[in-house]
Amino acid sequence: MAVAVSSRPGHRWRDRIPVVHQVRQSVGLQRGMLVAGLLMLLVFVLCAIFAPLLAPYGFAQRADASGGFGTQQPPSAAHPFGTTVGGYDVLSRVIWGTQTAILVIIVAVVLAIFIGVALGLYSGYFGGWLDRILVVVFDAIYAFPSLLLAIVLSIVISGGQSNLWGGVLAAAGSITVVFIPQYFRVIRAETVRIKAEAYVESAKVLGAPNRRIVFRHVFRNATRTLPLIITLNSSEAILTLAALGFLGFGIEPTAAAEWGYDLNKAQSDVTSGIWWTALFPGLAIVFTVLAITLVGESLNDLADPRLRGRRRVAQAAGEVAETSVVPGGTLDAGPGGLAGLEDGETFDEHGIEVKR
Amino acid sequence: MSTVVDIRNLGVSFSTDAGAVKAVDDVSLSVERGEVLAIVGESGSGKTVTAKTILGLLPETATTSGAVVLSNRAGTGEHDVISLTGAQLRGIRGTDVAMVFQEPSTALNPVYTVGWQIMEGLRAHGQVSKADARKRAIEILGRVGIPDPEHRVDHYPHQFSGGQKQRIVIAMALVLEPGLIVADEPTTALDVTVQAEILDLLRRVRDEFGTAIVLITHNMGVVADLADRVAVMYQGKVVEEAPARELFADPKADYTKALLAAVPYVGHGVARAAERAAARPADWAEQTPVVEARGLEIEYPGRFGRAGFRAVDGVDLVIRPGEVLGLVGESGSGKTTIGRAIAGLTRVTGGSLKVLGHEMLGIRERRFRPTRSRIGFVFQDPASSFNPLLTIAECVAEPLVIHDRAVDARDARPRVNELLEAVQLPASYGDRYPHELSGGQRQRASLARAIALEPELLIADEPTSALDVSVQARVLELFAELQREFGFASLFISHDLAVVDLLADRIAVLYHGRLVEEGTGAEVLGAPADPYTQRLLASLPVPDPVAQAERREELRRLREEAAR
C-alpha cells in the first residue's frame, strides 16, 4: 500500500519544553502575567546565585575598613537601604536572603514531592488498609493549623534557633510535613482515576507486573499537575519561612540572612519612624511570592483549555480541517483533523463535536 | 407550507491553539413546516455546529458569517439568529426553536423534579400561574407517552429509565410549542429497542404537533426511518441534499455513495460464515474449546450489606479454536462483564469458566499471568486505551517487552513495524503519539497491539462503536482479514446486530445477564426463536426508507403481541 506520510504537525522540539511551550501558547493578558512572573523569578534566582557579587557587604557584617556601620542609619550612599538595629546593611541582607529562601524552597518541595508522590502512588494503586490509614492521618494533618505545626517541628528539629542548615532544614522540614498531604492527595486521586483508564487495563490484560504498570503508565500520567502545585507551594514555603522567622523561630543573623527575622527585629523601628528596616525585607517577600504565584496561576490557566485565551479569528477564516476519513483515503488524511490540532483535547466542553 | 428556518451561506470558524479552523463553510439549507430534515455526516463534518447556530449556542471562540433566518410558529415574525444578542436569543429559544440533546441523563438536572424542569421553561416565557404551568406539564408528559403523568410529574430524573428521560427531554422541548426542534443525535445514547420507540415519538411530534425537526445523526438507519429530506455534510460543506427516498435509492455524490456502502446490513455475513464453516476440519467440533463457560455467574458486590448486583446469571457458552463468537446485547446485559471475566479483569463468582485450560473461578493473578500472552484484548474507546505519553510504537511493543520477546521498545521495533503493516498503518506512524492519530487509525494500532503475541484468543469489546461508519467498515474488514491470517478464536462483543453478523460464526444474544439465544448467524438472524431477539432484530433500523417502513409495521405487530 503506497502511502504518502506528511510530517508531524506542529510538534517541534521547542514546543515540548514545558515553560517555553506555554509562553508560545499564551496571548494577551495571560502572556503578560506569565512573562512578568518569569522575569521576576529570573531576577530572584540571579540574585541568589550572584549574591556574593551583588551584595556590597556580607550578611553578618557590621563593620568594614572605615569602621562600624552604626545602627538604624537612614539610607545613604554607603548603605542604600540603611542599616538595621543590629547594625547590619539592609541591602546586603535582602540580597543574601534570596539564597536562604531558595534553599528552603528546594529542600521543602523536593522532600514533600518524594514522600507525597510515593505514598500517593502506593495508596491510590494498591488501596487496602494502608491507604485508609494514610488518608486518615493526612486528613488529620490538614486539620492542624499549619504554622503551629511548623513551630512545633522547628522546635523539635533544632530547638528553635540554629545555624544556616539547621534553620533551613527546620523550616523546610516543617513545611514538608504540611505539604506532603497536598501531594499525597493529588497523586492519589489521579492514580485512582488513571487506574480505571483503558490503557492501564490494557497493560493488565497484557500481563504487565504491577511495578511496570505503576511506573510506566500511572506515574508519568499522574504527575502532570505537579508543576502547578510546586509553584503554588513554593510561595507558601517562603511565607511559612518568613512567618517562622518573624515569630522568632528562624535562623540566627550570623548564620544566614533571613527576611522574616529582619522583619521581626524591625517591629519596634516602625513606631519610631524608621521605615527602611521593615520595608525592604517585606518588599522582597512580596516580590518573590508574587513572582512564583504569577507563574503558577498562569500555568494553571494555560493548562485548562476553557480558561486559556485565544486570539479571535477573522470572520469565517481558516481552512476546513480534514476531519473526516473517507473509505479508501484514510491513510492520506493525516493525523486526525481537529483532534490533532489540540493535544488530545476536544471542544466537548463547548459542546462542539470533534473526533476523540 | 412555509419555511421555518432558512440558513443562507453560513460559515463558522473557531479559534484554536493552532489558529483558525473553519467548521462550516458556505452552507445553505432550509426547513419547511412539519418537515424532518436530517443532517448526516461523520464526526467533524460540521453538522452539530450548523444545528447549534440555529439556537445561537456557539461558544465565544466562534465567529459566524451568513444568515440564519428563523420564523416563529405563526409565521408572523422573522429573526436573523446570528445578529441577535443575549436577551433576544433567550426570547426565541424555547418558543420558536428548541433542542433535544444526545444524552438524556445529563440534559436533566438531577436535583429538581421533571415537572419543575418543564415548568421552568414555561415560566421563563411569560406569566403563567403555578397551577397552570403544572397542568400543562402534566398534559405534555402524557402526550409524550409517560404513563401516569399526574403522579410522575413529581418524580426526579433518576426515577425514570433512559428512554423515558429522553421522552421528558422531548416534552421540555415541546411544551412551548416551538415551530422547530433541533434534535442532536437524539437516539445515539439509547439501546436499539428504545431507539425505535423514541423515533416513533419524534414521528408523532411531527404529525400531531406539526413541528419541523432538524435531526442530526450519523446513523443512516435512523435517517431512513424518520427523515423526509436529507442533507449530507462532509468537511463543512453540504455535498448532497435530496428527499430521503431519492437519496437512498439513487445517491448522486461520491461521498454519499461511499457512506451508504459502508453501512453494515443484517444478513450480509451469512454466506461468509457458511463458507468458513465448510472449510473446517471434520473433527473441529471435538477440539478442546478455548473458552468454556458453564452456568457462569458474576456478581458485583453490594454496598454495606445490600445484596450485590448479578450482572451475569447462568450463562453457558463455548468458543472453539479459530471461531468468532459474536456476543450481542443492550447496555447492562452483561456482555462486557463476560469479556472482562475471560480476560481476568473481573472476578467470577459462581459456575465455571475455563479459559485456555485455566479455571477462572478463584484463580490467582500470579498463576494466570503467563497465560495472558495467549489472550489479546481490544478496547471500546481507542482514545483512552493508549498511554498518551508513549508513542504508538512503544505502546505496540509493550506486550513484546512484558513477555520477554524483546529487551525494550527499540529492540522490538522491527516486529512492531511488521505489526503496523499488518494493520495497514505505515511503519512511520509508530513515532507518533496516540493523539496524533484519528480514531480509526488508533483502533487499528490497538488491533496491532492485541495480535502482537499471536494470541489464540482475542476479545474485542465494542471495537467499532466509537468510530464513524465508514471507518467502522474498514476496521471490521481488517479484523476479518487478521482473523483469517492468524486464525485466532475471538469473542466479539457489540450492541449492533449488523456488525456482529458481518464477522461472527455464531451469535449469542444476552438479555439481563441471561443467554436467551445462541446459534449461527443464519439461525439467530434468519429465524429468531426468542421474543427478545425478534424485537431486537425488528428494532434495528435499516438504511432504506421503503424497507424500513415495512419493518416498522413488523415491530408494531411484535409489540402488540408482547402486550397481549
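**Figure 1. Domain division of chain B in the predicted model.** Chain B is split into domain 1 (104-177) and domain 2 (270-385 + 456-538), with bounds that come from an automatic or database domain assignment. Between the C-alpha centres of domain 1 of chain B and domain 2 of chain B the distance is 40 Å. This is a predicted model, in which local features need pLDDT of at least 70 and side-chain atom pairs count only at pLDDT 80 or more, whereas totals for chains, interfaces and linings use all residues. Residues are numbered from 1 along each chain as its sequence is written, and chains are lettered from A and ligands numbered from 1 in the order in which they are written.

**Figure 2. Packing of helix 7 against helix 8 in chain B.** Helix 7 (residues 162-174) of chain B packs on helix 8 (residues 192-209) of chain B at an angle of about 20°, the axes being 10 Å apart; helices are DSSP runs (H or I, at least four residues) numbered from the N terminus, and axes are lines fitted to C-alpha atoms over the stretch in contact, with angles from 0 to 180 degrees between N-to-C directions. Helix 7 of chain B is therefore roughly parallel to helix 8 of chain B (angles under 35 degrees count as roughly parallel, over 145 as roughly antiparallel, 65 to 115 as roughly perpendicular and the rest as oblique). Among the residues making the contact are B:Gln166, B:Arg167 and B:Ile170 of helix 7 of chain B and B:Glu197, B:Ile198 and B:Leu201 of helix 8 of chain B, where contact requires C-beta atoms, placed from the backbone, to lie within 7 Å.

**Figure 3. Helix 15 and helix 17 of chain B.** The axes of helix 15 (residues 392-402) of chain B and helix 17 (residues 439-450) of chain B come within 8 Å and cross at roughly 30°, which means that helix 15 of chain B runs roughly parallel to helix 17 of chain B. Helix 15 of chain B contributes B:Ile392, B:Cys395, B:Val396, B:Glu398 and B:Pro399 to the contact, and helix 17 of chain B contributes B:Ala445, B:Ala448 and B:Arg449.

**Figure 4. Helix 8 and helix 9 of chain A.** Helix 8 (residues 198-205) of chain A and helix 9 (residues 210-222) of chain A have axes that come within 10 Å and cross at roughly 155°, and the two helices are therefore roughly antiparallel to each other. Here A:Tyr199, A:Val200, A:Ala203 and A:Lys204 of helix 8 of chain A meet A:Ile213, A:His217 and A:Val218 of helix 9 of chain A.

Conventions: Contact = placed C-beta atoms within 7 Å.
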